[in-house]
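Have the sequence and the model open side by side.

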Amino acid sequence: MLDLLRQSFWQPCLLCEQPQKQLSLICEPCQLDLPWLPSGCTQCALPWRYHPSQSPCRQPGWLINNCRATLAYHFPVPQLIHQFKQQASLTTGRALGLCLTQNTHFTGTAIDALIPVPSSRQTLRSRGFNPAKILADTIGHALGIPVMTNWVIKTGITKAQKYRSRAERLTVSENPFRAKKPCTAKRIAIIDDVITTMTTAIQVAEPLKAQGVQHIEIWAPCRTLPKLTTLVSPSHSPIEMR
Ligand SMILES: [Zn+2]
Ligand SMILES: [Zn+2]
């Protein structure tokens, strides 16, 4: 009877739809099959195999102290992101947030507050939720870190980031984010869904840095990877195709 009762509460795995033996959103075999990222550059979260140099890409004036991502943006991660953002599956969002905290090297030590990348009012109205806020709430709950949504807001922007080319994203100068209330934390982590060029997170970091935040990290459950064939190793010999 107790088993029957427990089974009625079992949630199927988000990926294989098999009933779970434990209260987890993605079953253990499917978790093992996820494209976990190996360790890489602390400044951009690119695995060393994909990184243009073998040392962290810290630059003068760089606002970010650390960048962390745990999954490569490879199957089934794009499908999970689509379910989360386009089909409003908040459960999938929570599963992605938990993937970030399940990295054994990831403790979130000494971070005072999490700041989800804000959505514009227009996006919030059309989607109904801010994906970064769902991720931040999940991560904050798991690691015991408060989530602050009133320190930075997104103002109007002429062209949504997703419609920009990579070159445009890297050269875009206007910053749609500004401080709304004084930020009282010294060490914060900005939460985004996918790290690509880091442009958005860096724009969120700018008004925070101007307010005296000393340590800024970027955390996201996933990161896009460049094609290995386009990279050249430090010795200038082409890196092999995966
Ligand atoms: Zn599964
Ligand atoms: Zn790097």
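**A walk through the fold**

Glu 17 sits in the loop between α1 (2-9) and α2 (28-33). Helices here are DSSP runs of H or I with at least four residues, strands are E runs of at least two, and both are numbered from the N terminus. This is a predicted model, in which local features need pLDDT of at least 70 and side-chain atom pairs count only at pLDDT 80 or more, while totals for chains, interfaces and linings use all residues. Residues are numbered from 1 along each chain as its sequence is written, and chains are lettered from A and ligands numbered from 1 in the order in which they are written.

Start with the backbone. Glu 17 is not a glycine, yet its phi is positive, about 65°. Ala 45 also has a positive phi, near 65°, and is a residue other than glycine. Most residues other than glycine have a negative phi, and most peptide bonds are trans. Ala 45 belongs to the loop between α2 and β1.

Are these two residues buried or exposed? Burial is a count of other C-beta atoms, placed from the backbone, within 10 Å of a residue's own: 20 or more means buried, 12 or fewer exposed, and anything in between partly exposed. Glu 17 has 10 C-beta neighbours inside 10 Å, so it counts as exposed. Ala 45 has 23 inside 10 Å, so it counts as buried.

A further backbone feature is at Pro 76. The peptide bond from Phe 75 to Pro 76 is cis, with omega near 5°. Pro 76 is in the loop between β1 and α3 (77-85).

Now the whole chain. The protein has eight helices and seven strands. Of its 242 residues, 31% are buried. Take the contacts between residues at least 6 apart in sequence: 71% of them join residues at least 24 apart. A contact here means that the C-beta atoms of two residues, placed from the backbone, lie within 7 Å.

Turn to the strands. Strand β1 covers residues 66-72. Five of its seven residues are buried, so β1 is largely enclosed by the rest of the structure. Which strand does β1 join? β1 and strand β7 (residues 215-223) run parallel, joined by six bridges. Two strands count as paired if DSSP finds at least two bridges between them. Asn 66 has Glu 217 in β7 as its bridge partner.

Ala 72 is also in β1. It has 18 C-beta neighbours inside 10 Å and therefore counts as partly exposed. Leu 37 is 35 residues away from Ala 72 in sequence, but their C-alpha atoms are 5.7 Å apart. Beyond its neighbours within four places in sequence, Ala 72 is in contact with Pro 35, Leu 37, Val 77, Cys 222, Arg 223 and Leu 225.

Next comes β5, residues 187-191. Four of its five residues are buried, so β5 too is largely enclosed by the rest of the structure. Five parallel bridges link β5 to β7. Ile 191 stands opposite Trp 219 in β7. β5 also pairs with strand β2 (residues 113-116), in the parallel sense, over four bridges. There, Leu 114 has Ala 189 in β5 as its bridge partner.

Finally, the helices. How do α3 and α4 cross? Their axes come within 7 Å and cross at roughly 135°. Axes are lines fitted to C-alpha atoms, for helices over the stretch in contact, and angles run from 0 to 180 degrees between N-to-C directions. The two helices are therefore oblique to each other. Angles under 35 degrees count as roughly parallel, over 145 as roughly antiparallel, 65 to 115 as roughly perpendicular, and the rest as oblique. The α3 and α4 crossing is left-handed. Left-handed means that the near helix is turned anticlockwise from the far one by less than a right angle; clockwise is right-handed. Leu 80, Gln 83 and Phe 84 of α3 make the contact with Thr 92, Gly 93 and Leu 96 of α4.

Helix α4 (residues 90-101) also meets helix α6 (residues 131-143). Their axes come within 8 Å and cross at roughly 50°. α4 and α6 are therefore oblique to each other. This crossing is right-handed. On the α4 side, the contact residues include Leu 90, Gly 93 and Leu 100; on the α6 side, they include Pro 131, Ile 134 and Leu 143.
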